[in-house]
Amino acid sequence: MPVYKPANLDEYLDLLDQAIYEADEIIACADDEDSIDSMDLTELLPVYEALAKELKKLHKALKNGKHQFANGKNLSYMPLVDAWRHRIDRKSTRLNSSHT
């Protein structure tokens, strides 16, 4: 699947909003579930909580002009994503690809 490259900051913020929404939804599902089937979500809850926090921090920095969009550097949360890449949503990886 080709990487979507936002053309401008507004499109990037939209992609970021989608990633935040998905992370928050996974957190809500993990919080609501207490069955054996949700063990994977429960195990990943701290990962998604940290990821959501970083995504929201990036969103705020972009909106406040304190972070330069497409500066060629990896985003701060990429070590977390890299460590859990095999288990988490790929949207956060696409955000970094769009950013660099």
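A salt bridge is a pairing in which a side-chain nitrogen of Lys or Arg lies within 4 Å of a carboxyl oxygen of Asp or Glu. By this criterion, the side chains of K56 and D24 form a salt bridge, with 3.2 Å from N to O. The two partners belong to distant parts of the chain, since K56 is in helix α2 and D24 is in helix α1, 32 residues apart. The structure is a predicted model, in which local features need a pLDDT of at least 70 and side-chain atom pairs count only at pLDDT 80 or more, whereas totals for chains, interfaces and linings use all residues. Residues are numbered from 1 along each chain as its sequence is written, and side-chain values use heavy atoms, with hydrogens and water left out.

The overall arrangement of the chain is described next. The protein chain holds 4 helices and 0 strands, and from the N terminus on its elements follow the order α-α-α-α. These elements are DSSP runs numbered from the N terminus, a helix being H or I over at least four residues and a strand being E over at least two. Of the 100 residues in the protein chain, 36% count as buried, where buried means under 20% relative accessible area, exposed means over 50%, and partly exposed covers the values in between (1.4 Å probe, protein chains only). The accessible surface of the protein chain amounts to about 6,200 Å², and carbon and sulfur atoms account for 51% of that surface; such areas come from the Shrake-Rupley method with a 1.4 Å probe, and for residues only the protein chains shown count as cover. Among contacts (heavy atoms within 4.5 Å) between residues at least 6 apart in sequence, 68% join residues that are at least 24 apart.

Attention then turns to the interior. A nonpolar core is a set of buried Ala, Val, Leu, Ile, Met, Phe, Trp, Tyr and Cys residues joined through side-chain atoms within 4.5 Å. The largest such core has 22 residues, and those touching the most other members are L16, Y48, L51, L55, L58 and Y77. Two or more residues are given to this core by each of α1 (9–32), α2 (39–63) and α3 (78–84), and the largest share, 9 residues, comes from α2.

L44, which lies in helix α2, counts as buried because its relative accessible area is 5%. Once residues up to four places away in sequence are set aside, L44 touches W84 and R87. The C-alpha atoms of L44 and I26 are separated by 9.2 Å, although these residues are 18 apart along the chain. H59 is also placed in helix α2, and it is classed as buried because its relative accessibility is 17%. Leaving out residues up to four places away in sequence, H59 touches L13, L16, D17 and I20, and of these L16 is one of the residues with the most neighbours within the largest nonpolar core.

The salt bridges can be considered together, and a search of the whole structure finds 3 of them.

K57 is partly exposed at 49% relative accessibility, whereas E54 is buried at 18%. The side chain of E54 is also joined to that of S76 by a polar contact of 3.0 Å, a polar contact being a pair of N or O atoms within 3.5 Å; within protein, one atom must be able to donate a hydrogen and the other to accept it, and residues adjacent in sequence count only if both atoms are side-chain atoms. Leaving aside neighbours within four places in sequence, E54 is in contact with S76 and Y77.

In another salt bridge, the side chains of R85 and D82 meet at 2.3 Å, N to O. Here R85 is partly exposed, with a relative accessible area of 40%, and D82 is partly exposed, with a relative accessible area of 42%.
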